[in-house]
Amino acid sequence: MNQSQAGLFIAAASVIAVSVALYRRGRLSEAGLGGVLVGIAAVVAWMLSSP
């Protein structure tokens with residue numbers, strides 16, 4: 001994992017943490033949380049597939 005991939009991974013983890021916190025406070029719907037998780041999964045899959 002190079003430096004840019006590590007930075008992207010940290011950013012993804014931060015987005016997930018914020019999204020879960022908003023969901024628990026009732027400020028993010030279940031569909032919104034699902035969308036965030038799907039988006040992060042797509043970015044991580046793309047990151048792992050790129051050389």
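I looked at helix 2 and found E30, A31, V38, W46 and S49 exposed on its other side, where exposed means over 50% relative accessible area (1.4 Å probe, protein chains only). Helices here are DSSP runs (H or I, at least four residues), numbered from the N terminus.

I noted that this is a predicted model, where local features need pLDDT of at least 70, side-chain atom pairs count only at pLDDT 80 or more, and totals for chains, interfaces and linings use all residues. Residues are numbered from 1 along each chain as its sequence is written, and side-chain values use heavy atoms, without hydrogens and water.

Next I looked up the buried residues of helix 2. They include L33, I40 and M47; buried means under 20% relative accessible area. These residues cover an arc of only 55 degrees around the axis, so they sit on the same side of helix 2. The arc is taken from the directions from the helix axis to the C-beta atoms. Helix 1 is among what covers the buried residues.

I then turned to helix 1. L22 lies in this helix. At a relative accessible area of 33%, L22 is partly exposed, a class that falls between buried and exposed. Neighbours within four places in sequence aside, L22 is in contact with R27 and L28; contact means heavy atoms within 4.5 Å. I also checked L22 against L33: their C-alpha atoms are separated by 8.8 Å, and the two are eleven residues apart along the chain.

Last, I looked up L8. It is placed in helix 1 (residues 3-24). L8 counts as partly exposed, at 32% relative accessibility.

Conventions: Helix = DSSP H or I, 4+ residues; strand = E, 2+ residues; numbered from the N terminus.
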